[in-house]
Amino acid sequence: MGAFQGVDFLDVDASFNDEELLARRTARQFVDECVLPAIDQHYREGTFPMELVLQMGELGFFGSNLQGYGCAEMSNVAYGLVMQELERGDSGLRSFVSVQSALVMYPIHTYGTDAQKQRWLPLLQSGKAIGCFGLTEPQFGSNPGGMLTRAARHSNCYVLNGEKMWITNGSIADVAVVWARCEDGRVRGFLVERGTKGFTARDVHGKLSMRASITSGLSFNECEIPAENLLPGVDGLRGPLSCLTQARYGIGWGGIGAAMACYDTALQYAKSRKQFDNKPIAAHQLVQDKLAWMITEISKAQLMALHVGRLKDEGRAEPVHISMLKMNNVWMAREVARMARELLGANGIVEDFGVMRHMNNLESVYTYEGTHDIQRLIIGEHITGIAAFA
Ligand code: TGC
Ligand code: FAD
């Protein structure tokens with residue numbers, strides 16, 4: 001397949017400023033030169049490309065839309081374009097950056113003490129430390145409010161007991177942002193450092209999706225956390241849910257990247273693959289119908305991402321806007337990946353073309369950060385005023 005030239009049917013590029021185009025160019029080049037040559041092997045072997053972490057730190061990808069502490073202070077649109085390009089490489093790579101930035105740096109930046117910020121943010125920004133975010137439990141996924149993990153206050157510490165499940169970067173994290181229910185019934189966030197007695201992490205094996213990403217279960221058994229590791233700036237479920245809003249925003253852009261990769265591959269393939277009378281399959285109406293559908297959906301997704309990004313930069317994006325962005329753009333990417341796989345025929349199932357890797361990854365993306373149907377219910381609650389979760 002030829003080099004990726006971008007996908008921009010509606011000239012959305014004209015709406016990006018120089019800073020945003022530079023961020024995209026930097027991430028695009030990084031993905032082309034460093035990610036794509038290595039990703040198939042990592043996916044096959046079920047390993048995360050750790051060798052890229054420090055480089056991503058140097059390029060300013062971690063916490064890039066946050067202020068201070070060495071962060072790149074990009075606009076939310078520029079941050080989104082970085083996430084788009086990373087997911088054009090692989091959803092696992094974008095996941096790593098989402099977790100580090102939106103689920104670990106964001107809560108420390110927004111709810112942490114000065115000492116917590118000084119200690120962790122420069123390390124996380126540079127990639128010298130890795131973070132993870134523990135909200136989901138074996139029995140509580142879509143409904144984190146049911147969590148069983150408990151934090152009991154002792155004289156100078158909290159004692160954590162419980163289990164977290166499906167945690168990206170769990171076993172490689174230097175610091176885990178863990179959400180637990182306190183004795184007063186309120187959910188609070190804690191910074192749990194690697195090596196803390198009573199804290200263990202164990203990887204999930206046998207994944208057929210997100211193979212180039214580490215996913216772990218976390219266990220807390222009479223795990224003593226110094227009292228100063230509590231995130232003091234928030235209590236209640238609003239704490240973790242506000243972090244999800246940040247991460248869902250990045251995923252909304254990331255889906256475009258995975259879809260672009262699949263569309264670009266399918267278009268190039270359809271123009272070169274010949275069947276019946278030595279004509280390219282792109283000459284058939286049914287094939288053009290699929291390609292036209294794909295580019296239309298990608299273009300709509302780009303416009304929504306750009307609009308929500310501009311709202312976020314103006315401080316006007318509501319969580320429900322971001323739910324719509326995540327829901328639509330990941331659905332779109334999953335459909336585009338499936339259609340691309342179909343257009344490649346048998347070649348669609350081998351690793352060389354990448355579409356099946358994206359397709360499998362997108363099954364996880366469709367489910368995590370709030371499933372597609374949970375985003376739908378969030379929108380439903382907003383427009384009707386009636387919560388339909390229970
Ligand atoms: P509810 O009563 O609606 O809300 C409780 C409090 O939270 C506030 N709130 C939000 N704040 C900011 N952003 C949001 N998105 C918010 N949603 C709600 C709300 O205003 C309220 O505040 P307050 O001050 O009045 O107390 O809570 P609920 O228990 O009814 O939950 C509603 C529901 C189902 C929407 C929520 O539980 C939900 O979003 N569930 C989905 C769970 C989820 O998304 N889990 C993701 C885990 S992390 C992950 O998947 C990482 S993948 C990482 C990767 O590799 O990329
Ligand atoms: P369930 O909640 O059991 O849902 C199963 C099905 O039931 C879904 O289709 C869902 O839409 C549907 N459903 C549930 N409730 C309703 C309802 N009220 N109405 C209609 N339908 C409903 N979590 C973290 O905390 N941190 C992480 O870093 C993290 N990383 C992840 C990485 C990967 C690769 C994956 C796959 C998951 C990760 N997760 C993480 C967990 C993820 O957030 C959960 O899987 C997700 O929230 C869904 O929870 P569940 O899997 O328990 O599904």
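Predicted model: local features only at pLDDT ≥ 70, side-chain atom pairs only at ≥ 80, totals over all residues.
**View 1. Helices H6 and H8 side by side.** Here we're looking at H6, which spans residues 238-272, and H8, which covers residues 319-343. Their axes come within 8 Å and cross at roughly 20 degrees. That angle is under the cut-off of 35 degrees, so H6 and H8 count as roughly parallel to each other. As for handedness, the H6 and H8 crossing is left-handed. Sort the residues in the contact of H6 with H8 by class and you get 18 nonpolar, 5 polar and 2 charged.

View 2. Gln 302 sits in helix H7, the stretch from residue 285 to 313. Is this side chain's residue buried or exposed? Gln 302 has a relative accessible area of 7%, and the limit for buried is under 20%, so Gln 302 is buried. Leaving aside residues up to four places away in sequence, Gln 302 touches Val 7, Val 12, Ile 256 and Met 260.

**View 3. Glu 19 and the residues it touches.** Helix H1, made up of residues 18-45, is where you'll find Glu 19. With a relative accessibility of 34%, Glu 19 counts as partly exposed. Setting aside residues up to four places away in sequence, Glu 19 is in touch with Glu 73, Met 74, Ser 75 and Ala 78. Look also for Leu 81: Glu 19 and Leu 81 are 62 residues apart along the chain, and their C-alpha atoms are separated by 11 Å.

Conventions. Residues numbered from 1 in each chain as written. Chains lettered and ligands numbered in written order. Heavy atoms only, no water. Helix = DSSP H or I, 4+ residues; strand = E, 2+ residues; numbered from the N terminus. Buried < 20%, exposed > 50% of the residue type's maximum accessible area, 1.4 Å probe, protein only. Contact = heavy atoms within 4.5 Å. Axes fitted to C-alpha atoms, helices over the stretch in contact; angles between N-to-C directions. Parallel < 35°, antiparallel > 145°, perpendicular 65-115°, else oblique. Left-handed = near helix turned anticlockwise from the far one by under 90°. Nonpolar A, V, L, I, M, F, W, Y, C, P; charged D, E, K, R; others polar.
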